[in-house]
Amino acid sequence: MSPIVILLWTALFPANAQQVNVTQKNNNLSRDGLYIDSAFTPGNAAILTRDLNFNGTISGNVHAQPLYIEGGPNGPMIVVVTASNNVYALHADTGTVIWSRTDIGPAVTSGLPCGNINPVGIIGTPVVDLTSRSLFFDALISGSPIKHFIYSLNVDTGATNAGWPVDVNVALNNQFTSLVQEERGALALVNGIVYTPYSGYFGDCGTYHGWVVGVQIGNPPSNVMGWATDAIGGGIWGHSGVASDGTNMFVITGNTFTNQQDPWSGGEAIVRLQAGPVFTGNPTDFWAPANWQSLDASDTDLGGCSAILIDVPGATPSQLVLALGKDGNAYLVNRNNLGGVAGPVISLGVDGTLRGQSSATYTTGQGTYFVFRAGGSQIKAYKITATNPPAIVSAWSVSQSGEGSPWVTMTDGTNNAIVWVVGAEGDNKLHGYDGDTGDVVFAGGGTNELMTGTRKWNSGMVARGSIYVANDNKVYKFNVPGGAPTPTPTATVTPTATPTPTASATPIPTVTPTPTVTPTPTPTPTTSPSPTVSPTSTPRVTPRPRPTRRPRPTAPPRP
């Protein structure tokens, strides 16, 4: 980019002034999926068109949401990752490559005990820290052994930051076993710590656990810690991964494999983690339904969708966390006091097979809604009433081919709510629905608007009057009429933090080994302008000791 263009961009969009940045999955730590963009009036949305001049060519299958970053020297960027362990920064206007990294290391194509994704490389949605201009993601890299590495790149150049990547196996003193752990959920960055969630692979093979690994960011990184379910299983499967209120982290776990007489040990639960991550073990910091053992026995994960934090002014309680389970139920729980093994604040059968996807929430003059895909053919919206206690009531439902996850635009945070969803692995079209009524706003357009290579459960994102959808081998851009408007910047919401109780139950103990590590893969850059980098040793770490494993009984395959 020429100095004149850089000066012009700086003048139009000075640093930290009216910037639009989508730094994480579903735009906000609450995982609400809400984008405030004044360009998306119903009239404009109805005549949305695909930008045929946007190149968007990449290489690899995409299971992650794209990100949008401004404030750098190369203009606005779309950052996208692929399962082939490729990372791209594309110019947000033209779709041409600003930088790429195709040298992270070979993705895994064989040798895993089970699974339904191939290749397996970068699957979860990354996160960006704007202060340090750093991009964080997890990559599974083929080798002997296969290993997960948490990377940090300079988001403006693609260069690997000093001291990265973190070899997760070594950083957690080999209590973590990459071979049986899959990283599907989105990463979260909270108060200087990047959190990465892990599940098992499709088929529930091996002695995997639900894990959350926290790395204190810096160059080099430090204080690597982890929390894992006591029981085998309990994977964190949802697409949105880790949610946060700005202080604590919330994840939802799936089924475990335990003796049915055993006490609760981490599965089928909403879990609140303190910084680190640290789990207190207090009933205030987890909720599991009373029938968690039967859910375990039937492989019916509570964590069908990721945690989503919802505030309902006027309700008692008003600060809630939503779980949507494979049992077809929606559960609302008081996120300030989750309550242990008990009944939720409210639950309702919402039908459908809820697994793997993410949901969204928004508030209009008619109430507070949450919206999700129920099974493979319906988008459903429900209201949460501002009552004591709150109730869940049906709002609207529409049929649509495909399995994408929804996101929402509003022009000002109150009006013109539009629910967007891709007919992923279905009709391959983008659809828009009125957030209050479910009426069709955008019906997918014509032949030019069709996409290819869509992946189920994925979602798009919104920035400056455009929608971006990342699919296999290509990123698509859809524009409102009138070129490239500069609407109200996308909101960066900081949810109200919930109180963090002092750990009075048996805290998770920690130890402080000082490993000296050289990651197995040593990738050599081959793609210009990718920098020449090599992984470096991981720093001093503070892992959570893995509990003694129980023998794993034979489990039915995950449907």
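Two strands pair if DSSP finds at least two bridges between them, and strands (E, at least two residues) are DSSP runs numbered from the N terminus. Your model is predicted, so local features need pLDDT of at least 70 and side-chain atom pairs count only at pLDDT 80 or more, while totals for chains, interfaces and linings use all residues. Residues are numbered from 1 along each chain as its sequence is written, and side-chain values use heavy atoms, leaving out hydrogens and water.

**First stop: an open sheet**

Select strand E13 (residues 211-216), which pairs with E14 in the antiparallel sense over 5 bridges. Click valine 213 and you will find its bridge partner, glycine 226, in E14. Now widen the view to the open sheet of 4 strands, with antiparallel pairing and the order E11-E12-E13-E14. Strands E11 (188-190) and E14 (222-228) stand at the edges with a single partner strand each, so one side of each has no neighbour in the sheet.

**Second stop: strand E25**

E24 and E25 form a hairpin with 2 residues between them, and alanine 360 stands opposite valine 371 in E25. On to strand E26 (residues 378-384), which pairs with E25 in the antiparallel sense over 7 bridges; look for phenylalanine 370 opposite tyrosine 382 in E26.

**Last stop: threonine 409**

Finish in strand E28 (residues 407-410), where threonine 409 is found. Threonine 409 counts as buried because its relative accessibility is 0%. Among the residues it touches (heavy atoms within 4.5 Å) are Tyr35, Phe40 and Val462.

Note on methods. Buried < 20%, exposed > 50% of the residue type's maximum accessible area, 1.4 Å probe, protein only. Lists of a residue's contacts leave out its neighbours within four places in sequence.
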